[in-house]
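This note sets out, point by point, the features of the structure that a colleague may wish to inspect alongside the coordinates.

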Amino acid sequence: MATPKWLVVARNEYRIRTSRIREIRPYFPYLAIGLLAVYVVFIAPGIVSLFMDDFLAFILSQVAVALVQIILFMIFFYFIILPITYTLKEVQTSQLEIFLAAPIKPSDVLLGEFLGVMPFYAIIVTVIAGLFTALMTPLGLDPIQIAIVIIIFIVTFFSALWIGTMIAAILRTRLGKTARGKDIGRALALVIALPMIAIMYAVMGGGLIQALADPGTSSMVRIVLGFLPSSWGAEVIFGFVNNPANISAVWFEVLTRFGGLIAFFVAVLWLGARSANRAYSLETSTFSASVAKPDGLFYKTVKQLGGSKSFGTLMVSIFKDYGRRLENLSKIFYIVGLLFLMNIFFGGSDPEGALMMPLFMLPLLAAFVVSEVTLRGKETLFIFKKTPSGVGRFVKARLLHGLLVVVPITVAITVVSTILSQQTMFALLAITALAVLFVSAIVGFVLGLSLLNPAFSDKSGSYVTNLMITMFAIPNGLFLIPLIVFDLPLLQTLCYFTIPLSWVLGIVFLYLGKRRLSRIE
């Protein structure tokens, strides 16, 4: 008997996702099942027992239904964007074209991709469902009610995964036709998560819970989210909580909402299979030629800053290469968006709070901007290495580029944070100056680090290592450790330790990185 074609696609997708654990791939399902069984039987009940009293007080509160609806919506949205983000990060159609060129129906390809990734998402579903089951059991729910709760989680989140798989298939075939489309895809992959982060920050900051305490706000949220399938299951769950071991008391809700959830899952499966022919296409990729336009005011200003000679031309070319990639601009937008959300939900009224958040996020911004120095491959580096004084001019140009991009953004972010915290003009100027001094040193440090440990792809281990060092080692080593050890106020710690040490590290690493570039082969 011939193997179903959707199963062939599913196996291929599973092998691709487990390529990094090739050595343990045959044992991976058994390891996952064993660990999840231990979690469901022992770990989840142990975690729940620590805060069971708080949970009981919450489940009977005014905000419970609306907040659970919001949480389930967040997870539903998360399951939709996960396959989209994975696809957009690397918009490749070559594997897809192999399947579509073979006698395989597009619906089989779509179903195979969905089933191939299902085991990994099933792990997340099991963790969430196991935790909720452990929470529901002490409330007196009978086995049938608990089984329905588990089915609600499975159906809700896998319907979201199917929707995300369909959208990802459409975006891949549409954006994968041109280089510009692939660039747009990689840019969207990062910023698409910001709405969910905003909701998460609202919950963590406590503002959302306070707003839901108002009956009018809570009712409005329940009405709005009540139209979404992620909320139908929440209504059934709370019906069970209010009527434990008495499913007949909520038979109408079970019939309408739980039945509607099952019908929704079946409907999206059918619609996905029907629309698969439109989602996938084998149209030939197109190439478009760029038309060079005269330099505008911005590039003329950059050239003037570079001296209006060959070095100014080099500066303009670096800015053009960086700015034409939407992925680079999306990283800046992502960091600025995160800081904006942090100021809204966690911002304080003291000057130290206005400076604290930029200190932790701006090094990541510097890493995103400056680490581009090696991501375009060795060939670019060799061009400058073979020209007279090319290495020094290249490092200088990259340093100025990083400063001209990061410092203005730093000034804007710090000024907005300080104004929102209602500080005086003197505090605004002082905090902005400290932030600029700090981030300028970090730009030099990251540039030197990127040259010392060059990453020629954003998927390489070197790139991840450089990001981790910049994100965690710099804020913790230069800021938190001196703050704890010497027990000084934040501003004094910055002036006496963080900024001087960051400048020393920046100069040393920049010098070592330049030497490393001169010797690279």
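1. In this predicted model, Gln69 has a relative accessibility of 0% and therefore counts as buried, the cut-off being under 20%. Gln69 belongs to helix α4, which covers residues 64-89. Setting aside neighbours within four places in sequence, Gln69 contacts Val221, Arg222, Leu225, Ser231, Ala234 and Glu235.

2. As to the chain overall, it contains 23 helices and zero strands. Of its 521 residues, 46% count as buried. When contacts between residues at least 6 apart in sequence are considered, 81% of them join residues at least 24 apart.

3. The largest nonpolar core comprises 79 residues, and the members that touch the most other members are Ile197, Leu212, Ile335, Leu339, Leu365 and Leu517. Helix α17 (residues 351-370) gives the most to this core, contributing eleven residues. Another core, of 58 residues, lies apart from it; Ala134, Met136, Ala189 and Ala276 are among its members. Returning to Ile197, its contacts are Tyr334, Leu338 and Leu341 once residues up to four places away in sequence are not counted.

4. The crossing of α22 past α23 is right-handed. On the α22 side the residues are Leu478, Phe479, Pro482, Leu483 and Phe486, and they meet Leu490, Thr493, Leu494, Phe497, Thr498, Leu501, Ser502 and Leu505 of α23. By type, the residues of this contact are ten nonpolar, three polar and no charged.

5. Ile474 is also part of helix α22. Its relative accessibility is 5%, so Ile474 counts as buried. With residues up to four places away in sequence not counted, Ile474 touches Phe438, Ile442, Phe445, Ile469 and Phe479. Ile474 and Phe360 are 114 residues apart along the chain, while their C-alpha atoms are separated by 8.7 Å.

6. Helix α21 with α23 gives another pair to examine. Their axes are 7 Å apart and pack at an angle of about 30 degrees. Angles under 35 degrees count as roughly parallel, and α21 and α23 are therefore roughly parallel to each other. The handedness of the α21 and α23 crossing is left-handed. The contact of α21 with α23 involves 20 nonpolar, seven polar and two charged residues.

7. Leu437 illustrates the α21 side at residue level. Leu437 lies in helix α21, which spans residues 425-452. Its relative accessible area is 40%, so Leu437 is partly exposed. Not counting residues up to four places away in sequence, Leu437 touches Ile499 and Trp503. Leu437 and Trp503 are separated by 66 residues in sequence, and their C-alpha to C-alpha distance is 8.5 Å.

8. How does α20 pack with α23, and at what angle? Helix α20 (residues 390-420) and α23 have axes 10 Å apart, at an angle of about 135 degrees. These two helices, α20 and α23, are therefore oblique to each other. The passage of α20 across α23 is a right-handed crossing. In α20, Val391, Gly392, Phe394, Val395 and Leu399 take part; in α23 they meet Leu510, Lys514, Leu517 and Ser518. The residues of this contact divide into six nonpolar, two polar and one charged. Leu517 is also one of the residues that touch the most other members in the largest nonpolar core.

9. A point of backbone geometry concerns Ala245. Phi of Ala245 is near 55 degrees, which is a positive value in a residue other than glycine. Ala245 is located in the loop between α12 (229-242) and α13 (251-279).

Terms used: Residues are numbered from 1 along each chain as its sequence is written. This is a predicted model: local features need pLDDT of at least 70, side-chain atom pairs count only at pLDDT 80 or more; totals for chains, interfaces and linings use all residues. Side-chain values use heavy atoms; hydrogens and water are left out. A crossing is left-handed if the near helix is turned anticlockwise from the far one by less than a right angle, and right-handed if clockwise. Helices (H or I, at least four residues) and strands (E, at least two) are DSSP runs, numbered from the N terminus. Contact means heavy atoms within 4.5 Å. Ala, Val, Leu, Ile, Met, Phe, Trp, Tyr, Cys and Pro count as nonpolar, Asp, Glu, Lys and Arg as charged, and the others, Gly among them, as polar. A nonpolar core is a set of buried Ala, Val, Leu, Ile, Met, Phe, Trp, Tyr and Cys residues joined through side-chain atoms within 4.5 Å. Buried means under 20% relative accessible area, exposed over 50%, partly exposed in between (1.4 Å probe, protein chains only). Axes are lines fitted to C-alpha atoms, for helices over the stretch in contact, and angles run from 0 to 180 degrees between N-to-C directions. Angles under 35 degrees count as roughly parallel, over 145 as roughly antiparallel, 65 to 115 as roughly perpendicular and the rest as oblique.
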